[in-house]
Structures are given as structure tokens and as C-alpha cells.
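Work through these exercises with the sequence and model open. Each task is followed by its solution.

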Amino acid sequence: MSNRPVIGIITNVELDRHYLFPGYPRVTLNEDYPRSIAAAGGVPVLITPSKDLSLLADQLSLVDALVLAGGQDVDPLLYGAEPRTECGAPNPTRDAFEFEALRLARAAGMPVLGICRGLQVTNTFLGGSLHQDISHSGSTQRHMMEANPAVAAHGITVEPDSFLDEAWHLAQTTVNSFHHQVVDRVAPGLAVAARAADGAVEAVEYTGDEFDLVAVQWHPEMMSAADSPAGEQARALFTWFVDLAAGRWEA
Ligand code: MN
């Protein structure tokens, strides 16, 4: 056994469209996530969503920190809204599983990094809400790019003294962008750590003492292999998070 912290990543479950059994439930996760964690010095392990929430306490007892990955739109009913036409089909099993994971992580003081959907789930779990499509926020800025995901696509402004400031020591930078929803009401207990030029919330962090919870709206895992400043910043973010998990492990 090494001294590397173990980082659990919750995967997606979706119906197969490409292989032998169309409609068959399959566990999926972009390989970028475990690759980015391993490159930052962590040991990635995958945790698969289940209807049996009683599995989670034992699963989380095996890891030092948790990553909530990208994926489907969060069910609007969870933030008290009716679904609008622009909203994608929800995944109730994954929503419930990740809510329970956040509840247990908070109770255990376990660090959490949310990415894209992970930010949106976190904001919903803590009592915030989402715009079901960015157009509903009044913004006309494009946040769903079609470009190479390893290349940064729009600017962000980083809040002084936020976790991003700590990880990067930068006030302004650029990130990629593959989301069609954004935070509407920021949840109580969350502070905005970065915004896009249109005001879109691009990063948040938890202000309470129970656990270290941070989340970003972009996809650092898709940039972390790039030989560029964007790649360097993505790697620095994963290193910052793995070091946080290591600190807890050593404690
Ligand atoms: Mn964006």
C-alpha cells in the first residue's frame, strides 16, 4: 500500500446505445476523471450509483475524498421547479445517490470536488436552484461549446481568497465550457468562487466548517493533459484537491 489518498468518483449509469444490448443499463465515466486524479497523485476508484443507498456509507468508508462528475441535468423537481422544454431527461437514481453521498460526506468531513453536473447537484442539494437553460438567465453568452474540450473557451474572474485563488494565484483566466444550465439561486452555505463575463456562476465553495466542498462548472479533467496554461491550471486544481485529501488522510 502506498500513502496516496484514495479518491472515489461517482460514475453515471445510462442505457446502452452502442453495444450488443440496446437499452441495457451500463456504468459509464469519461476516462479523463481517473486519469486526472492519478496524475495528481491520488488513487482513483469508481463508485457506481445504486438504488440501494445503504451501500454508500460502506463505499465512502473506503475513500478519502469524493468527486462528483459531469452528466445529466438535475431533476428540476429537486429545486422546486417544473421541468421546462429545454431541460434534459433526469436520472433519479443518480440524483438520489449523489444527494446521499453529499449528506454522508458532510457528516464525515470528507472533501468533495464537484465538476459541471457536480456543481449543479451540490447547489441543488444545499437548497439553491438552477436555470434549466442558460437562455432563461437572460444571458446570450455561449457556454455549450463545440470546440476541442482541451482548449479554454471563455474567460472567468476568480474571487480573491477563494480556493481557486489558493490553487492558481490568478485573478483572471480562461476555461472550457460544456454546460447549458447555470446556477440561478446560489444555495445558502455556498460562496461564488468564479464567474464568467455574463455573471454565470463558474465555481463555488462551501463556507461552513463540516467539510471542504468545492465545485467548478467547467471540465478541468478534459484540459489536464494539455501542454498549455489551461492544462497547467487544470493539473494544479487536481493537485490542490488530492493534497487536501492527503491532509485528511494523514490527520
Ligand atoms: Mn461556462
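**Exercise 1.** Sort the lining of the largest pocket by residue class.

Step 1. Count by class: six nonpolar, seven polar and two charged residues. Ala, Val, Leu, Ile, Met, Phe, Trp, Tyr, Cys and Pro count as nonpolar, Asp, Glu, Lys and Arg as charged, and the others, Gly among them, as polar.

Step 2. Find the centre. Of the 15 lining residues, N30, Y33, G70, G71 and H219 lie nearest to it.

Step 3. Note the volume: about 280 Å³.

A pocket is an open set of points on a 1 Å grid over the protein atoms alone, where a 1.4 Å probe fits, with protein on both sides within 12 Å along at least five of seven lines; lining residues have an atom within 4 Å of a point. A volume is the space filled by probe spheres set on the points.

This is a predicted model: local features need pLDDT of at least 70, side-chain atom pairs pLDDT 80 or more, while totals for chains, interfaces and linings use all residues. Numbering starts from 1 along each chain, and side-chain values use heavy atoms, without hydrogens or water.

**Exercise 2.** Which strand gives the most to the lining of the second largest pocket?

Step 1. List the lining: V13, E14, L15, P25, Q72, A89, P90, N91 and T93.

Step 2. Assign strands (DSSP runs of E, at least two residues). Strand β2, residues 12-15, gives the most, with three residues.

Step 3. The volume is about 170 Å³.

**Exercise 3.** Why is helix α4 largely enclosed by the rest of the structure?

Step 1. Take residues 117-125. Helices are DSSP runs of H or I, at least four residues.

Step 2. Check burial (under 20% relative accessible area, 1.4 Å probe, protein chains only). Nine of the nine residues are buried, so α4 is largely enclosed.

Step 3. Look just after α4: G127 takes a positive phi of about 105°.

Technical notes. Buried < 20%, exposed > 50% of the residue type's maximum accessible area, 1.4 Å probe, protein only.
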